[in-house]
Amino acid sequence: MKPMNRSLPDSSPLPSSRLPPVFFRQVETESLARKLLGVRLVTVVRGVRTSGEIVEVEAYLGRNDPACHASRGKTGRNAMMFEAAGHCYVYLIYGIYHCVNVVSDPEGVGSGVLIRAVTPMEGIETMRRRRGRADMSDVARGPGRLCQSFGITASFCGEHFATSQRIWLEPFTTYSREQIAISGRIGISAGQELPLRFFVKHSPWVSGTRR
DNA sequence: TATACGATCACCT
DNA sequence: GGTGATCGTATAC
């Protein structure tokens with residue numbers, strides 16, 4: 001067991017650079033997915049800040065997308081996907097790992113963007129410690145690894161990226177269409193051919209390969 | 001109540 | 001290239 005850490009949670013004002021609620025209200029989920037590339041994901045857990053630049057995402061399109069958790073309607077597990085855009089939807093996968101999503105549609109729809117990989121920026125030693133493996137190159141490559149590094153667990157489900165004190169998004173850089181690659185989504189069976197995975201071309205930090 | 005399986009990863013050959 | 005880990009949830013009985 002770790003020694004108790006009773007340092008105060010970060011009570012500093014919200015950074016002015018944080019992305020506002022309107023950012024999340026894109027007309028298309030794919031637009032939000034593209035715009036999340038180059039955005040900085042930040043968490044503060046037990047007073048420690050970790051951050052990284054998002055380089056890979058996937059879009060999940062509600063009712064009409066068989067791969068989307070929301071495609072068969074609202075359940076206890078996926079209920080957060082049906083909340084308003086900007087909410088944080090976290091779920092447990094394979095009984096072991098967590099995956100984090102940005103809800104992308106108005107209340108009741110059930111779409112979102114899965115964050116699949118980031119380029120580590122701040123708190124790298126913390127990330128490595130949380131991962132329990134020394135290798136820096138894998139620290140935030142893949143949705144499960146990234147949640148582990150950033151300390152994201154099921155308790156983050158229901159936070160809002162525009163207002164949360166422990167998870168948010170900040171503008172960092174932007175990419176043109178030419179700098180973004182598109183492919184099918186990874187690890188799904190239905191709808192895997194759909195071009196809903198977006199990643200930064202040539203980035204060494206993106207996860208698994210597929211077309 | 002029982003069972004099948006998953007938006008993954010690590011480790012093996 | 002393949003496979004086992006591991007458990008909450010959804011669905012079937």
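Trainee: Which residues come nearest to DNA strand B?
Mentor: His69, Tyr91, Asn101, Arg131 and Arg145, out of 21 residues around DNA strand B. Keep in mind that this is a predicted model.

Trainee: Which side chain has an N or O atom 2.9 Å from a base nitrogen?
Mentor: That of Tyr91.

Trainee: And phosphate oxygens?
Mentor: One is 3.3 Å from a side-chain N or O atom of Arg116. Another contact uses the backbone: a polar backbone atom of Gly187 is 3.4 Å from a phosphate oxygen.

Trainee: Which elements give two or more residues to that surface?
Mentor: β3 (88-93), β4 (97-103), β5 (111-122) and α3 (143-150). α3 gives the most, with three residues.

Trainee: How does the surface split by class?
Mentor: 11 nonpolar, six polar and four charged residues.

Trainee: New topic. How many salt bridges are there in the whole structure?
Mentor: 11. Take Glu170 and Arg40, with their closest N and O atoms 3.5 Å apart. Glu170 sits in strand β6 (residues 167-170) and Arg40 in strand β1 (residues 40-45), 130 residues apart.

Trainee: Are those two buried or exposed?
Mentor: Buried. Glu170 has a relative accessible area of 5%, and Arg40 is at 17%.

Trainee: What about Arg49 and Glu170?
Mentor: Their side chains meet in a salt bridge too, at 3.5 Å, N to O. Arg49 is in strand β2 (residues 48-61), 121 residues from Glu170. Arg49 is partly exposed, at 29%.

Definitions and conventions. Residues are numbered from 1 along each chain as its sequence is written. Chains are lettered from A and ligands numbered from 1 in the order in which they are written. This is a predicted model: local features need pLDDT of at least 70, side-chain atom pairs count only at pLDDT 80 or more; totals for chains, interfaces and linings use all residues. Side-chain values use heavy atoms; hydrogens and water are left out. A residue is near a molecule or strand if one of its heavy atoms lies within 4 Å of it. A polar contact is a pair of N or O atoms within 3.5 Å; within protein, one must be able to donate a hydrogen and the other to accept it, and residues adjacent in sequence count only if both atoms are side-chain atoms. Helices (H or I, at least four residues) and strands (E, at least two) are DSSP runs, numbered from the N terminus. Ala, Val, Leu, Ile, Met, Phe, Trp, Tyr, Cys and Pro count as nonpolar, Asp, Glu, Lys and Arg as charged, and the others, Gly among them, as polar. A salt bridge is a side-chain nitrogen of Lys or Arg within 4 Å of a carboxyl oxygen of Asp or Glu. Buried means under 20% relative accessible area, exposed over 50%, partly exposed in between (1.4 Å probe, protein chains only).
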